Amino acid sequence: MATNLSIDTYLLETALKTGGLKTKRETVNLALKEFIQRRKSADILSLFGTIEYDTDYDYKEARRREV
């Protein structure tokens, strides 16, 4: 998909140097991947402490096999 975007040149050049990548395309793609990963991580972190669990559950008992 061809896209014509107006990207802040200072940010792009800084990201290019910081990332050590060769092209602007690689830089933008990496930035998008990292953005998505960070947002997904934040969504997962928001779940901590919200899930209820059974305090009577015995995981050792559940591991035992009956032969």
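Is F48 buried or exposed in this structure? F48 is exposed, with a relative accessible area of 62%, where buried denotes under 20% relative accessible area, exposed over 50%, and partly exposed the range in between (1.4 Å probe, protein chains only). The structure is a predicted model, in which local features need pLDDT of at least 70 and side-chain atom pairs count only at pLDDT 80 or more, while totals for chains, interfaces and linings use all residues. Residues are numbered from 1 along each chain as its sequence is written, and side-chain values use heavy atoms, with hydrogens and water left out.

F48 is placed in the loop between α2 (24–45) and α3 (59–63); helices are DSSP runs (H or I, at least four residues) numbered from the N terminus. Together with I44 and L45, F48 makes a nonpolar surface patch of about 360 Å². Such a patch joins nonpolar side chains (Val, Leu, Ile, Met, Phe, Trp, Tyr) within 5 Å, taken from residues with over 30% relative accessible area and no salt bridge. I51 is 34 residues from K17 in sequence, and their C-alpha atoms are 42 Å apart in space.

A search of the whole structure identified one salt bridge, defined as a side-chain nitrogen of Lys or Arg within 4 Å of a carboxyl oxygen of Asp or Glu. The partners are K24 and E13, whose closest N and O atoms are 3.9 Å apart. Because K24 lies in helix α2 and E13 in helix α1 (residues 9–19), the pair ties together parts that are eleven residues apart in sequence. K24 is partly exposed, with a relative accessible area of 46%, and E13 is partly exposed as well, at 32%. Helix α1 also contains G19, a partly exposed residue with a relative accessible area of 42%. Between the C-alpha atoms of G19 and A31, which are twelve residues apart along the chain, the separation is 9.2 Å.

K24 is also one of the residues lining the largest pocket, the others being M1, A2, T3, L5, I7, L12, R25, V28 and N29. A pocket is an open set of points on a 1 Å grid over the protein atoms alone, where a 1.4 Å probe fits and protein lies on both sides within 12 Å along at least five of seven lines; lining residues have an atom within 4 Å of a point. The largest share of its lining, four residues, is contributed by α2. By class, the lining comprises six nonpolar, two polar and two charged residues.

The C-alpha atoms of E61 and A42 are separated by 34 Å, the two residues being 19 apart along the chain.

Technical notes: Patch = residues over 30% accessible without salt bridge, like charges linked within 9 Å, V, L, I, M, F, W, Y side chains within 5 Å. Areas by Shrake-Rupley, 256 points an atom, 1.4 Å probe, with all protein chains shown as cover. Helix = DSSP H or I, 4+ residues; strand = E, 2+ residues; numbered from the N terminus. Nonpolar A, V, L, I, M, F, W, Y, C, P; charged D, E, K, R; others polar.
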